[in-house]
Amino acid sequence: MSKTLKLNGDEVEIVAGESVLELARRMGQEIPSLCHDPRLKAVGACRTCLVEVEGVRRLVPSCATKAEEGIAVTTANARIERHQKALFALYMTDNVDASETDDSSDPSELHALAERVKAPTTWPRMQHKRFQRADDRNPYIEYRADRCILCARCTRYCEEVESVSAITLAGRGAETTIATADARSLLDTTCELCGGCVDVCPTGAMTEKKPLALKLLPARKLEKVRTTCNYCGVGCQMDLNVDRTANNGRGVVAKITSPDAGVLPNDGNLCVKGRFAYQFIDHKDRLTKPLVRNQEGLLEETSWDNALQIAAEGLKKVAKRHGPDSLGFVSSSRCTGEENYLVQKLSRAVFGTHNVHQCAAT
Amino acid sequence: MAANDKREQLLGALHKAGGLTPGAAAKVSAELGVPEAQVYGAGSFYHLLGDSETKLRVCTGLSCAMRGGRKLLALAQDADMPVAECSCLAACDRAPALLKDRSVLVDVTQENVKSAGGDWRNVQGAELADDWNGRVGSNNSELPMNLGGTPSFSGEAFAKAQSIGADEVIAAIDESGLQGRGGAGFPAAIKWGGVRAQEAKPHYVVLNADEGEPGTFKDRELMLRRPDLVLEGLAIAAFCLGAQDVYLYLRGEFTGPWIALEKAIASFSENKLFEGVSFHLHSGHGAYICGEETALLEALEGKRGMPRLKPPFPHENGLWGKPTLIQNVETIACVPAIVLQGGAWFKAMGATEPGTKLYSISGDVKEPGTYELPLGSTLDDVAAAAGGYVGELLAFSPGGASSGFLPASERKRALDFAALSKIGSMLGSAGVVVMNTESDIRELVREQLIFFENESCGQCAPCRIGTRYLREALDRDLQGKPSEQSLGEVAEVAWEMNEGSICGLGQAAALPLTSALQHFPGAFGGEKRK
Amino acid sequence: MAGLVTTFGAGAMTNSIDEIRDAEFLFVIGSNTSEAHPIIAMEMKRAVHRGATLVVADPRAIWMSTLADIYLALHPGTDVALLNAMAHVIINEGLTDQAFIEKNTEHFESVREAVAEYTPEKGEEITGVPAEQIRKVARAYATTKKAGIYYTLGITEHSHGTDNVYALSNLVLMTGHLGYASAGLNPLRGQNNVQGANDAGASPVFYPGYQRVDDPAAQAKYQESWGVTLSDRPGYNLNELMKKAGTEIKGFFIMGEDVVLSEPNVSRLEAGLNNVDFVVMQDIFLNETARFADVIFPAACFAEKDGVFTNSERRVQLVRKGVEPPGQARADWEILVSLANACGADWKYESPAEIYDEMAKDAPQFAGISHDRIASRALGLQWPCQDAESDGTRFLHEGGVLRGKGQFQAVHYRPSLELPTEEFPLIMSTGRTLYHYNAATQTRRDPGTDAKQPEAFVEMHRFDARQRGVADGEMVRVWTRRGEVECRVIISKQVKKGCIWMPLHFAEARANLLTNDVGDSITGTAEFKVCAAQIARAEAATKSESKHFPGSFYRDPAAGS
């Protein structure tokens, strides 16, 4: 017999181990949440996902409440609505204006939810400004305290997923902030620059520096292209966030983001190389024209046709003079499967040799 | 999760290192194997660790504020001393108080600050020894706690508990109707039984001696004068629950009580009593929220003192994830008498609810102090025990900041858990502060709001943002802004703080303002009274 | 690769990455997982947080060892002795899975005999790992059901790399930890598409899909498909190609690899390349090898083209074009089509999808895979995937070893070929760091990774440093029988006394000028992990000013700064 509980009056089945939030979402209920991440232990700190459980006097955080047999859960009623409106109104008094969130960092879930629950936006802004620590000279990650809601997704990710614990909640009360030990630059901590903090941040408080500096399109106008990382053999799935209008229409990879948790193999995680080390794409050292070695022994630019012709003749000449097995074809584990297929076919079918291998054949 | 001896030492190690000076976190991290940022994050939570530059802290708790605490602060600031304000130091009966390094100075005068010549080290208050005592009622051996009596290290109650067994002890506590004296009033017998029923081992016993509610200083007095009752009560609890380790968490400013407890432990030990029970004294480092039981557990574990979600409750998932009994000092101190004299005897001592209660009273009364009276005594009763009112009664706060303000018309109301709860207030820790008509209620509300703003742990938004929002709203009112601009959303914010906050601090933090608005509406709007 | 094909019948991770989080026992050997495969390390951390036992075996006290329940600090190159001693314990204490051995394997007896002499005490003598630890780990491995082994180049980049893989396979086969989730034997691939390149037949012995070139049936199939006559003689592996450069090999086509930085014993290779008639290369940057090239084609990078990469767990995933290549650069596949046609072929491929379909048609393991099918599934497809109905294969060998019978391979400990001498008293290993990748052509062009590790370094133990009068952060000379480089020294808590370690990423201090190019007799893989070296303070021994160079974890706090 499967176990059930009552959700807004309906009897629904429970998947073993799930939370009320997970169950309700599975059933199509919209419950706001900000501090929740399936990879992290539930802390119920953002208070956005509160629901009513029959017989429990206080509202409970659905993320941290187990879906238990026989309980009766209400996810929407006047009390919950009033709570959501007031809570988001409070958040809005202590955060930047919605108009300021339309930049290249991920769109603010906070502001979107505030709009969705129709939270009042007219409450007086907090006079006291949040403490912003001095600029950190690391080139990737920026922390903007005025957008932070202290949901601690970043610090918990750093501890629970990365096991690095380079950042922490620091201070207390309204002065609480996200800090490193002794407020040092991330470069001088145990931080491995994986950028998970940027990825999990629901408000754009933790954000990537480069696109901000480049003044590209706001994040909502970037096109996400799902692809596979080009570094190690894990094959992380990632999204190129492309600004098609930049670079004379060639397009610019404004940033790389990870898909949601649950997408394999990386479950929403990326490492420093995957998430950040993409600036080589537009590096000035990129080869842009074919080169051939001239009479003086120097490389000079030439046309594609000329380069292809010289290459073909050169290879054919060696094969003719020394036999096909005097040629070696070095393929690349960095290139695609199709390209590797073509190299071995070139070697075998066009030149007739099995002298083909790739750089990391072990 | 196994007990982590090293993590447990974190806050103590930081204290030893002189607080969070640059490099201290790295040093402690290397010593304990805890990531540096976690050391830093934990330390920065506690004002006595996080701000090691500040050497003087002037109490601006309600009673001290009424006695010129802010003036002392201004004088010290003018003299360029490394000074800051701080929350209640549990010395309300000797206001104003200040903290010099980690020593509490009381009855501090403006002259004391002025004559220091700009050097914080020279600031003095009234001379106090380790055993500084406040006023208490006279010796009466009929009283369960009898603060005026002398300690006994005979272990009589413990011996009786051993002979009648745990079931009988818990039955007696149940019969006594003993409610938690820390503020929530939860029946003690249910907690004991709850821990006892847990299969997971070991069980822990924790003493909550992090007294910090403005107006409250009864636990201080109890530990100073009757540490025997506290320790014997703990030993009985450990016996009943099969616990070996007993943690005593004292606020960091309680040097005197710490020494009194250490001496008492030695005395019992000389008498070969409580063998097999280990008492571990832990010091707090300046965080009122650690009086919240789950925040206290976090602090004991060497973490930031942020309350946990409940459920699970500590009786099933407490210290290091193990079943844990947490009791307030006064609650545990009632246990020896209950064991010796029986539950019915204790219950009959009360006026409207079971037992006697320690009322700390301060502010505008003649003899501020701690008085053991029947639970359910009225303000007039308590004030009479304290030598009577000074001036004409305007308002009072019956049980700390979280109980808000009540008007003089409530002077005949029983100060117990039920009667106060009925009118939206609470008995709390029964730290009664009396205000006469010389006081500006708005200024006093502001002090309470600042208290909550400073002591919010910051974990959840309703409390973190709400406490500051309310204080800023009141500031607008004090600046003479029209009330729709200043106090317009206060009711809604207060409602949300109560509905949305994780712990009792946030849930009650709006009460000083909302209760004052309810009972003293005329005090708001308009120019500041000077 | 070849080792696993021999023993199990498939050269790839037997299990999937997301199974790691549910493992109960993780044996990580010769893999600096948190630096080389950070995302897999995250899964391992997750398993440990959930209560799994982690055992790390590595001569270097890598970051993962700080998380491990047991850390086995074996001497470099002594893996076989350690693994055979573990096998000895498992057999002696009756912890083998007899039913699995009888049903699914062959030649167990040969291993039983071979490991008889490897008592834990003998293991300790060779490896330096206490006998009790060997017993403890062997018992825990054998008696935990969800027990997986994870390795990488620390196992294979030895002259006896294949023996190491055999010894690991033996442990798996004798305990039956194969054919179900969160277990198995898992080589973690160093490069994004090592697996895919092998799968596609970039190999001197295999056509696509591991069909041997000396198998007449495969030869016939491809002759028919491609319409040409094909040789039945296997070609040279990479190590051989490099050694024969300039002698037997007179022309090279090199795609996307900087052989001069990546291959061992570079001085000899460079001399050889000088005698090669003609070199064509295609790449995204000019690299060291470009000095020898006659023609260089500008290629597109991964963000500028379509295709597939196949990851370590055999998952075939799409690479999609996000932006246009710079200038006249073209995708490698487009260049290859043009080049083949310039050489007289008549290739008409319009897209990578079409190329993939041709490959899949003749390779049964990939027959059910196509670009469209991958795109229609959120998680790609893991081979084997025989037809368009198949969902692919999450873990291999379910219900029996692919090969038919898993093959036990008796192996014996053989010391590494180059051992310390009076002249070269230190054992040098090379490897990767978190912040750079291979020749670092990409990562050193990025401000953050470059800021974390701006220059080459060598790690050494404080005892060895003191003996040589070398201080932390100073410039030193490192030399072997083959060459010499200069770089900074880090007095490191990671390396043992008598060992040094260098990252391979830095062109100004090419570790591969020093490494030994003697290869494994079967795979040809060179012994990057062990050679004999010496260090001395450089003439101008300036200290590094940088506070954060090159990562706080390495530095021995006792060394001062």
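Q: How much area do chain B and chain A bury between them?
A: This is a predicted model, and every value comes from its atoms. Carbon and sulfur atoms hold 55% of the area buried by chain B and chain A. The total between these two chains is about 3800 Å².

Q: Which three residues supply more than any other three of the area that chain B buries against chain A?
A: The contact draws on 46 residues of chain B and 45 residues of chain A. On the chain B side, one trio supplies 16% of the buried area. Those residues are R464(B), I465(B) and R468(B).

Q: Which residue of chain B forms a salt bridge with R79(A)?
A: Five salt bridges cross the interface of chain B and chain A. In the one made by R79(A), the closest N and O atoms are 2.9 Å apart. That falls within the 4 Å cut-off for a salt bridge. The partner of R79(A) is E499(B).

Q: Which helix gives the most to the side of chain B that touches chain A?
A: The interface of chain B and chain A has 25 residue pairs in polar contact, both residues at pLDDT 80 or more. On the chain B side, α4 (36-45), α20 (441-455), α21 and α23 (490-500) each supply at least two residues. With nine residues, the top contributor is α21(B).

Q: How many charged residues does the side of chain B that touches chain A have?
A: Helix α21(B) gives nine residues to this side. By class, the side has 18 nonpolar and 17 polar residues. The charged count is 11.

Q: Which chains share the most contacts?
A: Two pairs of chains are in contact. Chain B and chain C do not touch, their nearest C-alpha atoms being 10 Å apart. The pair with the most contacts is chains A and C.

Q: How much area do chain C and chain A bury between them?
A: Their contact takes 147 residues from chain C and 115 residues from chain A. Carbon and sulfur atoms account for 62% of the buried area. The total for chain C and chain A is about 11100 Å².

Q: What share of the area that chain C buries against chain A do I39(C), M42(C) and F302(C) supply?
A: Chain C and chain A bury about 11100 Å² between them. Of the chain C part, I39(C), M42(C) and F302(C) supply more than any other three residues. Their share is 6%.

Q: Which residue of chain C forms a salt bridge with D325(A)?
A: The interface of chain C and chain A holds 10 salt bridges. For the bridge of D325(A), the closest N and O atoms lie 2.1 Å apart. Its partner is R233(C).

Q: Which helix gives the most to the side of chain C that touches chain A?
A: Between chain C and chain A, 72 residue pairs are in polar contact, both residues at pLDDT 80 or more. One helix of chain C, residues 332-342, supplies nine residues to this side. By name, that helix is α17 of chain C.

Q: Which residue is the bridge partner of V330(A) in β9(C)?
A: Strand β15 (residues 327-331) of chain A runs parallel to strand β9 (residues 251-255) of chain C. Four bridges join these strands across the two chains. In β9(C), V330(A) pairs with I254(C).

Q: Where in chain B does Y469(B) lie?
A: The rings of W123(A) and Y469(B) have their centres 6.0 Å apart. This pair crosses between chains, with W123(A) in the loop between α3 (109-116) and β6 (141-143) of chain A. Y469(B) sits in helix α21 (residues 461-478) of chain B.

Q: Where in chain A is D267(A) found?
A: Phi of D267(A) is near 55°, a positive value in a residue other than glycine. P265(A), joined to L264(A) by a cis peptide bond with omega about 5°, lies in the loop between β12 (252-257) and α7 (272-276). D267(A) is found in the loop between β12 and α7 of chain A.

Methods: Residues numbered from 1 in each chain as written. Chains lettered and ligands numbered in written order. Predicted model: local features only at pLDDT ≥ 70, side-chain atom pairs only at ≥ 80, totals over all residues. Heavy atoms only, no water. Contact = heavy atoms within 4.5 Å. Buried area = accessible area lost by both parts, 1.4 Å probe. Salt bridge = Lys/Arg side-chain N within 4 Å of Asp/Glu carboxyl O. Polar contact = N/O pair within 3.5 Å; in protein donor to acceptor, adjacent residues only side chain to side chain. Pairing = 2+ DSSP bridges. Phe/Tyr/Trp six-rings, centres within 6.5 Å; stacked < 30°, edge-to-face > 60°. Nonpolar A, V, L, I, M, F, W, Y, C, P; charged D, E, K, R; others polar.
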